[in-house]
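Work through the two exercises below with the structure open. Each solution goes step by step.

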Amino acid sequence: MAPLSKYGPDVQRVSAETPVEDIIYLLKRDGGVFIRGLINVEDVDKAYDECRHRLENDVEWNGSFFPKETQRAPGLIGLSPTYAKTQMMNPIYQKVCDHFLTTRSWFWWGNEKKESVSKPYVHSCVAMRIGPGGKAQPLHRDDYISHNHHQEIDSWDDELDRNRETAVGLFVAGSKVTKENGGTQFIPRSHLWGTNRTSPPDVNDCIFAEMDKGDGFLMLASAYHGGGNNVTADEERMVFATFAIRGYLRQEENQFLAVSQDIAKGYDRPIQVFMGYSMSDPACGWVEEMDPLFVLHPELAREAGPKDF
Ligand SMILES: O=C(O)CCC(=O)C(=O)O
Ligand SMILES: [Fe+2]
């Protein structure tokens, strides 16, 4: 990975017009990058309206991962078509996920050498609103969910690290997000750390994901981070969080149960595929030995019919 000298050493804030290659470079270097104005403010407001009822009727979390002041709205695909279309399917996010999370492997099939390509799909989609007084989350790596175990590295190597990440996150600001109202705490370059470090992640090493409404923060799931402290008297910090994962790993949020088939049927094909109504090649995800897309589109059964993987 050749360094791009136009970028200073800090975690960068780039515009949505930045070439995606640069964004990928910055993620490999720093583990996270801010994209200013990633999502139209009107679309963010609409997505907020579509999930507000769920947020406001949330059940208090029992444990330390979320403070009682944080209200969540999981299952965003079922709640907010605007979120699904404008955030989860955002073209920059999709390209970044394709880059980090597509798995290519070859294997013998008798005498034949076969290659399989498994594409990423959605892992979880949750809106999180931290209310006044909410305490910071423990710093964590989101890929602990997938038992990802890391070797310590000095810098990213395109060949050696092609399968390093299991998931990629996108946080979109649904309100102004500041250090004071609970902006995500994030340790730059901690995606390079080994799992077996003997000291815990230190909040003094964090930067804060301060954003205007509609800005995005892309983050590799191996980077240490956590929701921040909301020390304000009256501000709510609203963020939409999307994660995508390699196609052969289990989704964090089970989209087949979280989103009704009727709602899934109403979405267009790329969203259905990204939700998991698709095969992870060569052979994960089938139903009746067929591509699961046929469940939403029975007319595809003949075309999808049982065949070699
Ligand atoms: O609320 C945030 O800023 C981060 C949330 C988070 O890291 C998580 O829920 O895993
Ligand atoms: Fe997290």
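The space taken by ligand 1 is the largest pocket. A pocket is, on a 1 Å grid over the protein atoms alone, an open set of points where a 1.4 Å probe fits, with protein on both sides within 12 Å along at least five of seven lines. This is a predicted model, in which local features need pLDDT of at least 70 and side-chain atom pairs pLDDT 80 or more, while totals for chains, interfaces and linings use all residues. Residues are numbered from 1 along each chain as its sequence is written, chains are lettered from A and ligands numbered from 1 in the order written, and side-chain values use heavy atoms, without hydrogens and water.

**Exercise 1.** Find the side chains with an N or O atom at 3.2 Å, 3.1 Å and 2.6 Å from an oxygen atom of ligand 1.

*Solution.* 
- Step 1: list the surroundings, which include Phe-65, Phe-66, Met-128 and Arg-237 (a heavy atom within 4 Å).
- Step 2: assign the distances: 3.2 Å belongs to Gln-137, 3.1 Å to His-140 and 2.6 Å to Thr-184.

**Exercise 2.** Decide whether Arg-129 is buried or exposed, and name the side chains in polar contact with the Arg-129 side chain.

*Solution.* 
- Step 1: locate Arg-129 in strand β6, residues 121-130 (a DSSP run of E, at least two residues).
- Step 2: Arg-129 counts as buried because its relative accessible area is 4%, and buried means under 20% with a 1.4 Å probe, protein chains only.
- Step 3: polar contacts (N or O pairs within 3.5 Å, one able to donate a hydrogen and the other to accept it) join the Arg-129 side chain to those of Tyr-48 at 3.0 Å and Gln-71 at 2.7 Å.

Methods: Helix = DSSP H or I, 4+ residues; strand = E, 2+ residues; numbered from the N terminus. Buried < 20%, exposed > 50% of the residue type's maximum accessible area, 1.4 Å probe, protein only. Near = heavy atom within 4 Å. 1 Å grid on protein atoms, 1.4 Å probe; cavity = no way out; pocket = protein on both sides within 12 Å on 5 of 7 lines; lining within 4 Å. Sits in = over half its atoms within 2 Å of the grid points.
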